[in-house]
Amino acid sequence: MSEVLLEVKNLKKYFNTPNGVLHAVDDVTFTLERGKTLGVVGESGCGKSTTGRAILRLHEPTSGQVIFEGKDITKASSQEMRHLRSQMQIIFQDPFASLNPRKTVSEIIGEPLRLYKVHKNKQEQQNHVLELMELVGLSERLVNTYPHELDGGRRQRIGIARALAMNPKFIVCDEPVSALDVSIQAQILNLLKKLQKELGLTYIFITHDLSVVNYFSDEIMVMYLGKVVEHATAEQLFAHPTHPYTKALLSAIPVPRLGAKKDRILLKGEITSPINPKPGCRFAPRCEYAQPCCFEQTPGLKENEKGHFVACHFCEKF
């Protein structure tokens with residue numbers, strides 16, 4: 001039986017705004033096994049990145065539990081979190097904005113090693129930095145270059161090397177390829193897969209690209225306005241999408257064949273405001289199957305088939 005590395009229970013993250021309380025992440029629950037990848041998908045603003053950051057406590061959760069290796073880290077002290085942060089890392093979306101432009105490649109990758117005093121002297125640290133650079137496919141000749149001198153793919157490799165510096169067990173990949181050219185995207189995805197196999201890493205992979213998440217993930221969680229609307233294995237989700245929102249997302253994936261036709265599901269209606277949301281399904285105003293109860297009762301995640309969870313009052317009918 002696989003070991004559960006991360007368990008998230010009823011995670012919520014709300015932000016106060018002048019117009020009310022914004023429900024960025026609302027009651028997210030899932031488990032993630034060691035060595036597996038959970039893909040998190042949805043439109044911009046659905047709460048994907050906020051979920052990842054709340055799990056790492058880069059955003060303090062409003063409520064809920066984040067249990068990492070059996071310990072609820074939402075109750076951990078700052079000293080305990082310092083140790084935990086070496087085991088839980090993040091790769092940011094923008095490979096330029098996330099790097100210090102005043103530091104060289106060597107200094108950026110070596111920063112965690114210096115902060116945690118991993119090595120006795122600078123030479124040991126430098127050797128470790130060179131090993132990390134080789135691991136992620138960066139040439140040794142780039143050791144003293146600055147981020148602005150490099151292309152997007154190499155910058156993202158620096159971010160990956162920095163994330164790996166403390167030998168973590170779990171990494172949140174926050175849209176790590178969305179800012180890169182398609183050919184570079186493939187290189188970075190293959191690198192992340194290779195590192196996962198070699199180092200036994202566990203990923204949460206956040207993206208809006210369903211083609212990427214299908215290739216990369218073991219399980220997929222679909223979010224809409226802070227809520228999880230569907231959660232299944234990648235195979236189940238692509239073979240039998242159940243929630244109307246998931247079906248609409250999948251219908252938008254381009255078909256890579258000349259002259260191929262595909263029926264697009266075009267969503268209509270107003271997007272529900274995530275500020276002080278009323279009870280009911282948040283997707284209901286855009287759903288062609290919505291009934292009066294959808295606007296009054298919030299659907300919970302139900303197991304439609306083994307390992308396939310859907311938050312919809314009428315999913316059995318689709």
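Figure 1. The model shown here and in the following views is predicted. Phe216 belongs to an aromatic cluster that also holds Tyr203 and Phe205. Tyr203 is likewise buried, its relative accessible area being 0%. The rings of Tyr203 and Phe216 form a stacked pair, with 5.7 Å from centre to centre and 25° between the planes. Tyr203 is part of strand β8 (residues 202–206) and Phe216 is part of helix α7 (residues 210–216), so this pair ties together parts of the chain that are 13 residues apart in sequence.

**Figure 2. The aromatic pair of Phe68 and Phe170.** In the whole structure, a search finds 6 aromatic pairs. One of them joins Phe68 and Phe170 in a tilted arrangement, with ring centres 6.3 Å apart and an angle of 45° between the planes. The pair links distant parts of the chain, since Phe68 lies in strand β4 (residues 63–68) and Phe170 in strand β7 (residues 170–174), 102 residues apart. Both Phe68 and Phe170 are buried.

**Figure 3. Lysine side chains over aromatic rings.** Two sites are presented. At one site, Lys13 lies over the face of Phe15, 4.9 Å from the centre of the ring. At the other, the charged end of Lys193 is placed over the ring of Tyr215, at 5.3 Å from its centre.

**Figure 4. Packing of helix α3 against helix α5.** Helix α3 (residues 105–115) packs with helix α5 (residues 152–164) at an angle of about 25°, and their axes are 7 Å apart. That angle makes α3 roughly parallel to α5. The two helices cross in a right-handed manner. On the α3 side, the contact involves Val105, Ile108, Ile109 and Pro112, which meet Ile158, Ala161 and Arg162 of α5.

**Figure 5. Crossing of helix α3 and helix α4.** The axes of α3 and helix α4 (residues 122–135) come within 9 Å and cross at roughly 115°. Helix α3 is thus roughly perpendicular to α4. The crossing of α3 past α4 is right-handed. Helix α3 contributes Val105, Ser106, Ile109, Gly110, Leu113 and Arg114 to the contact, while α4 contributes Gln125, Gln126, His128, Val129, Leu132 and Met133. Val105 and Ile109 of α3 also take part in the contact with α5.

**Figure 6. Surroundings of Thr62.** Thr62 is located in the loop between α1 (48–55) and β4. With a relative accessibility of 43%, Thr62 counts as partly exposed. Leaving aside residues up to four places away in sequence, Thr62 touches Lys12, Lys13 and Tyr14. Lys13 is also the residue that lies over the face of Phe15. The C-alpha atoms of Thr62 and Pro95 are separated by 29 Å, and these residues are 33 apart along the chain.

**Figure 7. Loop residues with positive phi.** Lys117 is found in the loop between α3 and α4. Its phi is near 50°, a positive value in a residue other than glycine. Lys117 is exposed, with 71% relative accessible area. Asn167 is situated in the loop between α5 and β7. The phi of Asn167 is positive as well, at about 55°, although Asn167 is not a glycine. Asn167 is exposed, its relative accessible area being 55%.

Methods: Residues are numbered from 1 along each chain as its sequence is written. This is a predicted model: local features need pLDDT of at least 70, side-chain atom pairs count only at pLDDT 80 or more; totals for chains, interfaces and linings use all residues. Side-chain values use heavy atoms; hydrogens and water are left out. Rings of Phe, Tyr and Trp (its six-membered ring) pair if their centres lie within 6.5 Å; planes under 30 degrees apart count as stacked, over 60 as edge-to-face and the rest as tilted. Helices (H or I, at least four residues) and strands (E, at least two) are DSSP runs, numbered from the N terminus. Buried means under 20% relative accessible area, exposed over 50%, partly exposed in between (1.4 Å probe, protein chains only). A charge sits over a ring if NZ of Lys or CZ of Arg is within 6 Å of the ring centre and within 35 degrees of the ring normal. Axes are lines fitted to C-alpha atoms, for helices over the stretch in contact, and angles run from 0 to 180 degrees between N-to-C directions. Angles under 35 degrees count as roughly parallel, over 145 as roughly antiparallel, 65 to 115 as roughly perpendicular and the rest as oblique. A crossing is left-handed if the near helix is turned anticlockwise from the far one by less than a right angle, and right-handed if clockwise. Contact means heavy atoms within 4.5 Å.
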